[in-house]
Amino acid sequence: VVPATETCAVRGDEDCDGVGCSDANWDRVAGDASDQRVVGVGIDSQEETFVLGTFRGTVDFGGGNVTVGGTDWYVTKYDPQGALVWLKLFSATSGVQTPGGIAVGPTGEVAIGGTVASGSLNVGGTMIVPIGGSGSQGFVVTFDNDGTQRFLHQVDATVATEVRSVVITPQGNVAYGGAYSGTLTCTNTPC
């Protein structure tokens, strides 16, 4: 084989540098016949991969089997070779809990957003429940690069809130978008 210019439209390593630009660096197939979903993926400047999703049944995220009875949420961090670095689980009760997105900052800080419309979701020991028992509750939670929870913010409104997307700026600030009904009360900082 004679080295040639890399052509990403063709599978393989045309320039013989050991990496084909069209080839996956790593992949992971995990789970049983139950429902498992990837909701979002982010990659930091160190090529570490972060995944947000939901699952039921049994899944091996890379550190051994994890089994749940209902539909729980997960956030994982993988190193550049695809080895699991950390895993965060959020247990849900029956009801509707919808992940709204994941964002990764330049130094590997992670933010996820979501909404609990019914039931509850345990996020780091805090139970997120609908506003007033019937209005959806939007929230954002952030983690350091090592997986330590930094803060949890529940978006305040008189009737209902939703977090549908989240972003981390190059300066490390977190912003989110979504919807609310009633009056946005903003009693917590950040709002």
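**Strands, turns and salt bridges: a quick tour**

Okay, let's start in a loop: G125 sits between β7 (121–123) and β8 (126–128). A word on the names: strands here are DSSP runs of E with at least two residues, helices are runs of H or I with at least four, and both are numbered from the N terminus.

Before we go on, this is a predicted model, where local features need pLDDT of at least 70 and side-chain atom pairs count only at pLDDT 80 or more, while totals for chains, interfaces and linings use all residues. Residues are numbered from 1 along each chain as its sequence is written, and side-chain values use heavy atoms, leaving out hydrogens and water.

Back to G125. Is this glycine buried or exposed? With a relative accessible area of 61%, G125 is exposed. The cut-offs, with a 1.4 Å probe and protein chains only, are under 20% for buried, over 50% for exposed, and partly exposed in between. If you want a sense of distance, G125 and G172 are 47 residues apart in sequence, and their C-alpha atoms are 25 Å apart in space.

Now the four-stranded sheet. What order do its strands come in? It's an open sheet that goes β1-β2-β3-β4, with antiparallel pairing. β1 and β4 (84–90) are at the edges with a single partner strand each, so one side of each has no neighbour in the sheet. On average, neighbouring strands in this sheet are turned by 25° against each other, direction ignored. For that angle, axes are lines fitted to C-alpha atoms (for helices, over the stretch in contact), and angles run from 0 to 180 degrees between N-to-C directions. When I say two strands pair, I mean that DSSP finds at least two bridges between them.

Let's walk through that sheet. Between β1 (36–43) and β2 (49–60) there's a loop, and E47 lies in it. Look at the backbone of E47: phi is near 65°, which is positive in a residue other than glycine.

Next, β2 and β3 (residues 65–78) run antiparallel and are joined by eleven bridges.

β5 (residues 97–104) and β6 (residues 110–116) pair in the antiparallel sense over seven bridges, and G101 faces G113 in β6. This hairpin has five residues between its strands, and G108 takes a positive phi near 90°. How many residues of β5 are buried? Seven of its eight are, which leaves this strand mostly covered.

On to side chains, starting with charges. Side chains of opposite charge can pair when their charged atoms come close. The structure holds four salt bridges; to count, a side-chain nitrogen of Lys or Arg must be within 4 Å of a carboxyl oxygen of Asp or Glu. Here are some of them:

- R37 meets D35 at 3.0 Å, N to O, and D35 is partly exposed at 34% relative accessibility.
- R150 meets D144, with the closest N and O atoms 3.7 Å apart. R150 is partly exposed at 38%, and D144 is partly exposed at 31%.
- E162 meets R164 at 2.7 Å, N to O. E162 is partly exposed at 29%, whereas R164 is exposed at 53%.

Which residues make a nonpolar surface patch? V38, V41 and I43 make one of about 300 Å². Of these, I43 is found in strand β1 and counts as exposed at 56% relative accessibility. Patch residues need over 30% relative accessible area and no salt bridge; like charges are joined within 9 Å, and nonpolar side chains (Val, Leu, Ile, Met, Phe, Trp, Tyr) within 5 Å. The areas come from the Shrake-Rupley method with a 1.4 Å probe, and for residues only the protein chains shown count as cover.

Last stop: Q137, in strand β9 (residues 137–143). This glutamine is buried, at 6% relative accessible area. A polar atom of the Q137 side chain lies 2.8 Å from the backbone oxygen of V155. That's it from me, thanks!

Conventions: Polar contact = N/O pair within 3.5 Å; in protein donor to acceptor, adjacent residues only side chain to side chain.
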